[in-house]
Amino acid sequence: MAYTFNHDLLLGDADLEQAKQDFPNVAFALSNPALNEVFRPIDRRAIADKTRSRRWGVAAVALATFSLMLAAAEVLYHGAHKDIIRLVAAIGAIAGIASVLIGVFGVMYRDRKLQWLADRLSTERIRQFHFQTYAAYAGEIIDGAGNEDAEQAFLARRADEFAAFKASVIDRAREELCTVVEAEDPGEGLFFPERESPIDPASPHLAEYFRAYTVLRFNRQIGYCDHMLRENAGLWKHAPIRQSKIIGAVAMFCVFAILALHALVFTGALADIRWMKGPEIHVLAIWSAILALAARTIEEGFQPETEIERLRQYRLSLKRIFHRFNRASDPRDKFRAMLDLEKLSFEEMVLFLRSNHEAKFVM
């Protein structure tokens, strides 16, 4: 299956039908309609809140940049009518105050950001619950392949487990977020740490069981990293490498502009060329420095470099675990690799939440 966001949960009818064709005996355990109904609205809200919170963060930087640029340009309009000077000063002050309220105190975007992170915690914990259940109840799932009574028993047990999970995690996502980002050791993130499900190594359905986990868990997670780390990704969205390059290019352009403008001033002073050493050139140099600072502030808010490093490390660890999984001939060794993936998934989520919780749009 080609990578598509969230299709590992078989959210659509086409995904479910494909899974039934590919894994006919264990397909009943690969989809959870109750889980998907909880997942969909949370995921939609998370996408919207992320967009809104970051827009307000960028607005805070834009207002701060505008205010600083107006202040730096005072030398250009200090001879204007006093009413114009007062108007410009008032506009600059309002922009500066608004930027502080939004950027420093989080007015207009902090609650949206916290809701986005709480929802992202919820969606990832839902995903982890789904695949950890698949691993923890391997024996029941394999027994249910071709046995309707065993299948129904598993589905009933999974429904009970999901109800308990929803009450303890999803319904108190804000509290869980605080625990994850503030705890020195948030744990391993396992829902069934002590459970060992006995399986029959000779079961004809065991290979299909592991193949389903390979396609929907290993391949999807590695595919997600590959998708996010594409060099030729879109202009901005889901493209941390492109984000980093664009922001870096803007900052570097501003640095070269500062050097070029100061070179003009130096040349103008030596050659006594008035326009080269005029106030306009000095103001442009200050504006270039302010824009460079704004670019770095946007970078701090979006954290593309942190995301790139986190995803690269996650992909490397995933591939190492996947290699162990593929080489293992003993089912118990394969289950250990599956457990390691689930621990790794939780650790990656924690790093994501912490880095974005600490990110600020403050100049």
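Buried means under 20% relative accessible area, exposed over 50%, and partly exposed in between, with a 1.4 Å probe and protein chains only. The model toured here is predicted, so local features need pLDDT of at least 70 and side-chain atom pairs count only at pLDDT 80 or more, while totals for chains, interfaces and linings use all residues. Residues are numbered from 1 along each chain as its sequence is written, and side-chain values use heavy atoms, with hydrogens and water left out.

**Stop 1: H282**

Select H282, which lies in helix α11. Helices are DSSP runs of H or I with at least four residues, and they are numbered from the N terminus. H282 counts as partly exposed because its relative accessibility is 38%. Now show its contacts, meaning heavy atoms within 4.5 Å. Not counting residues up to four places away in sequence, H282 touches V265 and K277.

**Stop 2: L264**

With 27% relative accessibility, L264 counts as partly exposed. Leaving out residues up to four places away in sequence, L264 touches W275, M276 and I281. For M276, draw the C-alpha to C-alpha distance to L264: it is 5.5 Å, across 12 residues of sequence.

**Stop 3: Q303**

Move to the loop between α11 (279-302) and α12 (304-327), where Q303 lies. Q303 counts as buried, because its relative accessibility is 14%. A polar atom of the Q303 side chain lies 3.1 Å from the backbone oxygen of E300. Apart from neighbours within four places in sequence, Q303 is in contact with S355 and A359.

**Stop 4: helices α8 and α13**

Two packed helices are described by the angle between their axes and the distance between the axes. Select α8 (residues 173-182) and α13 (residues 331-358): their axes come within 9 Å and cross at roughly 90 degrees. That makes α8 roughly perpendicular to α13, a label for angles of 65 to 115 degrees. The axes are lines fitted to C-alpha atoms over the stretch in contact, and the angles run from 0 to 180 degrees between N-to-C directions.

Show side chains where the helices meet: L177, V180 and V181 in α8, and V350, L353, R354 and H357 in α13. By class, this contact has five nonpolar, one polar and one charged residues. Nonpolar covers Ala, Val, Leu, Ile, Met, Phe, Trp, Tyr, Cys and Pro; charged covers Asp, Glu, Lys and Arg; the others, Gly among them, are polar.

Methods: Helix = DSSP H or I, 4+ residues; strand = E, 2+ residues; numbered from the N terminus. Polar contact = N/O pair within 3.5 Å; in protein donor to acceptor, adjacent residues only side chain to side chain. Parallel < 35°, antiparallel > 145°, perpendicular 65-115°, else oblique.
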